[in-house]
Amino acid sequence: MGQTGRSSKQVDGADVKTEEQQFLNELDKKLWTAANKLLPMLDAAVYKHVVLGLIFLKYVSDSFKERRADLESAFRDPLNDYYLGADARDLIPGELEARDYYLEKNVFWVPALARWDFIQSHAKVPVGTKLQVKNGKTIEYEFKGIGRLLDDALEAVEKENPRLKGVLEKDYARKQIDSALPSLIDEIGKIPFHHGTLKAKDILGHVYEYFLGEFAIAEGKKGGQYYTPKSIVTTIVEMLQPFQGRVYDPCCGSGGFFVQSEKFVEEHGGRVGQLSIYGQESNPTTWRLASMNMAIRGMDYDFGKEPASTYTRDQHPDLRADYIMANPPFNMKEWNAGVKDDDPRWRYGIPPAGNANFAWMQHMIHHLAPQGSMALLLANGSMSSNTNNEGEIRKAIVEADLVECMVALPGQLFTNTQIPACIWVLTRSKAARGHDKAGWRDRGGETLFIDARNLGYMKDRVLRDFSAEDIKKIAGTFHAWKRGVGYADEPGFCKAAKLDDIRKNDHVLTPGRYVGAAEQEEDGEPFEEKMARLTTDLAAQFAESALLEVKIRQQLTALGVWEE
């Protein structure tokens, strides 16, 4: 979302950030409420593409409009390199239509037919109306319905911007929702392309991300296929700290890990250009959502030539990534059609056909650079299962000293499943790196276990979430352990275990086996004295209970409802 909420012009930056965040939150809720009233005839799985496609079109148009305004100002400014001269007023309209001015700033070129002002102003005209489209020259366009206009607009944007080829879903006309589209367009048209220090990228990116989350909840199980809870994504990103290098997600969904990596870099003073984004996604519609998500943020990315199965059509066979982050489908069955048992990725054992957990893990290890680190979410069974070769694979991975940290998560974090989950953090190298406070010590033969099941709060009746403090505690503990500064085992929460400790537990990696129980506060009373006191109290309570029983019997006898 860019540098949301930060302004070098403001002394009270925190106040600015709070005000802008409040603006974004209010905008989210207002748009979501309004949008939900407009298309009751579509379920969330279809509706999300209608809304998110319009948000994307609004974004590219707003970014184009923003650049256009800057150019016009520059053309008229004698102190600007783009100044056209005092007598060049008639040249400005033509210059504003020159593509190169936009492409040099990584702004998508938007043909006149696809500009939001044109679409919104003509959304309600009668079918058959002849429209005049001015795009350097004037052409005539016959209006055949707002759905068809949107399809033609997206087609034009895709044609003019080759990197969007195959990304945009152009089937508004087929959905036959022309009666509802004008109102939806009006609502989305209310999204401003700037507010304070926020620009189009910040605002539209935030709205896009919010809608993805809301659609995941609305869709239930299906929504979770592409949406990972933001707090879990943030936890993993904060643990791995992807400052620069190649970032990869082999089941990237809507691209949440990449978005959060961008935010992490910006919040820590880095440049997003230091990250190279690689992803893969098999679901065609989700692949498009992820591509739009990256485009909205102006991020360069490589999601392969097409949607494809990670198992059978690896889109990045030669990639060795510095950071890999993923939330693969839990316990996926029948994943191995077309995959050979001698696949070079199965270095630590052949994954069972009935569960893809260790197929995902080994695929990620295969793509990890020599100094790389990775984290993935898996079902809790991955930490202890011994069925169908899973125990042997886990043992081989542990014995190779790849497992750096295990995090047990609380339940009710996901919209799509109640299966308890955990985070695996692995690295190719636990050797010391760096010589300053930010450097890592040698952690060879050691693994950190974190039991975070008691962290988090219920944000509503069914979903749990992590607070910023929860995320800080998990990531901070991990970093303190890696540095060897400020870390100490905490019973019930974290434990640094040696390889021999894991061997004694048959290579089971459940954190609860290692962290133990939380220490109870001592009340200062010696055990013998406490036991004597509690026994005396119990005897007194028994005596009082006996007296009450006698009185109750007497009262019931007097009423004639009890016979001794």
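User: I'd like to start with the holes inside the protein. How many cavities of 30 Å³ or more does the structure hold?

Analyst: This is a predicted model, so keep that in mind as we go. A cavity is a space where a 1.4 Å probe fits but cannot get out. Here you'll find 4 cavities of 30 Å³ or more. The largest cavity has a volume of about 80 Å³.

User: Okay, on to helix pairs. At what angle do the axes of H6 and H7 cross?

Analyst: Picture a line through each helix. The axes of H6 (residues 146–160) and H7 (residues 181–188) cross at roughly 50° and come within 10 Å. That makes H6 oblique to H7.

User: And which residues make the contact?

Analyst: From H6, it's Ile 146, Gly 147 and Leu 150; from H7, it's Leu 181, Pro 182 and Ile 185. By class, this contact has 5 nonpolar residues, 1 polar residue and no charged ones.

User: Now the sheet. What is the order of its strands?

Analyst: First the general idea: strands of a sheet pair through backbone hydrogen bonds, either parallel or antiparallel. In this case, an open sheet of 9 strands runs S7-S6-S5-S8-S9-S11-S10-S12-S15, and the pairing is mixed.

User: Which strands stand at the edges?

Analyst: Those are S7 (301–302) and S15 (494–498). Each has a single partner strand, so one side of each is left without a neighbour in the sheet.

User: In which sense do S6 and S7 pair?

Analyst: S6 (residues 275–279) pairs with S7 in the parallel sense, over 2 bridges. To find one of the partners, go to Tyr 278: its bridge partner in S7 is Asp 302.

User: Last one: which strands does helix H9 lie across?

Analyst: H9 (residues 230–240) lies across S8 (321–326), S9 (368–379), S10 (403–408) and S11 (421–427), and runs at about 155° to S9. Then compare H14 (residues 468–483): this helix lies across S10, S11, S12 (446–451) and S15, running at about 160° to S12.

Methods
Residues numbered from 1 in each chain as written. Predicted model: local features only at pLDDT ≥ 70, side-chain atom pairs only at ≥ 80, totals over all residues. Heavy atoms only, no water. Axes fitted to C-alpha atoms, helices over the stretch in contact; angles between N-to-C directions. Helix = DSSP H or I, 4+ residues; strand = E, 2+ residues; numbered from the N terminus. Parallel < 35°, antiparallel > 145°, perpendicular 65-115°, else oblique. Contact = heavy atoms within 4.5 Å. Nonpolar A, V, L, I, M, F, W, Y, C, P; charged D, E, K, R; others polar. 1 Å grid on protein atoms, 1.4 Å probe; cavity = no way out; pocket = protein on both sides within 12 Å on 5 of 7 lines; lining within 4 Å. Points joined across faces, edges and corners; volume = space filled by probe spheres on them. Pairing = 2+ DSSP bridges.
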